[in-house]
Amino acid sequence: MDSMALYYPDGHQKHYLYAHPERPERVEVIKRGLTEIELWVNCPQICPMELKQELLESIHDQEYLKLLERASSHAQMLDPDTYTTLESWQLALNAAGGGVAIADHVWERKAGTGFAL
């Protein structure tokens, strides 16, 4: 069993709005810290799972999911603080799938712990 498994959101740099506090650099700083303490190269990188719509709808309201997907398809703001890009919907699905994949990895005792960036 590995001690820790990691999910890194490939392509997360595409979810970006100039001067917004939610920015790609936040993930990269965490990655750099994990690299500096040699966890990055010593932990398996887990791919996101493709989640079924039914699972997503058990967490979020179906109308909310449709709103997010539609907003992302037009790179619209959801509110004054929440933006989307054309890639945000797929990145959100990947992030959810990455979190589930990490949890699954730990549940199956393939890792003692996990971290989804």
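Modeller: One definition before we start: a polar contact is a pair of N or O atoms within 3.5 Å, and within protein one of them must be able to donate a hydrogen and the other to accept it. Keep in mind as well that this is a predicted model.

Colleague: Is Thr84 buried or exposed?

Modeller: Look at what Thr84 touches, not counting residues up to four places away in sequence: His15, Ala71, Ser72, Ala75, Gln76 and Leu78. The cut-off for buried is under 20% relative accessible area. Thr84 has 9%, so the call is buried.

Colleague: Ala75 is on that list. What is the relative accessible area of Ala75?

Modeller: Ala75 lies in the loop between H3 and H4. Its phi is near 50°, a positive value in a residue other than glycine. Ala75 is classed as partly exposed, because its relative accessible area is 38%.

Colleague: And Glu38: buried or exposed?

Modeller: Glu38 is found in the loop between H1 and H2. Its phi is positive too, near 65°, again in a residue other than glycine. The exposed class begins over 50% relative accessible area. Glu38 comes out at 52%, so Glu38 is exposed.

Colleague: Back to His15, then. With a polar contact of 2.6 Å, which side chain is joined to that of His15?

Modeller: His15 lies in the loop between strand E1 (2–7) and helix H1 (24–36). At 17% relative accessibility, under the 20% limit, His15 counts as buried. The contact of 2.6 Å is with the side chain of Ser88.

Colleague: What is the volume of the largest pocket?

Modeller: In general, rolling a probe the size of a water molecule over the atoms shows where empty space is left. For the largest pocket here, the volume is about 610 Å³.

Colleague: Which residues that line the largest pocket are the closest to its centre?

Modeller: The elements giving two or more residues to the lining are H1, helix H3 (62–73) and helix H4 (88–107). By type, the lining divides into 12 nonpolar, 7 polar and 4 charged residues. Of the 23 residues in the lining, the closest to the centre are His15, Glu22, Ser88, Leu91 and Ala92.

Colleague: What about the second largest pocket? Which element gives the most to its lining?

Modeller: About 220 Å³ of space lies in the second largest pocket. Its lining includes Trp89, Ala92, Leu93, Ala96 and Val100, and divides into 11 nonpolar, 1 polar and no charged residues. Helix H2 (53–59), H3 and H4 each supply at least two residues. The most, 5 residues, comes from H4.

Colleague: How many residues make up the largest nonpolar core?

Modeller: In soluble globular proteins, nonpolar side chains tend to be buried together. Here the core is made up of Met4, Leu6, Tyr8, Val27, Leu34, Trp40, Cys43 and Leu117, so the total is 8 residues.

Colleague: Last one: what distance separates the C-alpha atoms of Pro9 and Leu91?

Modeller: Pro9 is found in the loop between E1 and H1, and counts as buried because its relative accessibility is 10%. Leaving aside neighbours within four places in sequence, Pro9 is in contact with Val27 and Leu117. Pro9 and Leu91 are 82 residues apart along the chain, and their C-alpha atoms are separated by 7.5 Å.

How values were computed. Residues numbered from 1 in each chain as written. Predicted model: local features only at pLDDT ≥ 70, side-chain atom pairs only at ≥ 80, totals over all residues. Heavy atoms only, no water. Helix = DSSP H or I, 4+ residues; strand = E, 2+ residues; numbered from the N terminus. Buried < 20%, exposed > 50% of the residue type's maximum accessible area, 1.4 Å probe, protein only. 1 Å grid on protein atoms, 1.4 Å probe; cavity = no way out; pocket = protein on both sides within 12 Å on 5 of 7 lines; lining within 4 Å. Points joined across faces, edges and corners; volume = space filled by probe spheres on them. Nonpolar A, V, L, I, M, F, W, Y, C, P; charged D, E, K, R; others polar. Core = buried A, V, L, I, M, F, W, Y, C linked by side-chain atoms within 4.5 Å. Contact = heavy atoms within 4.5 Å.
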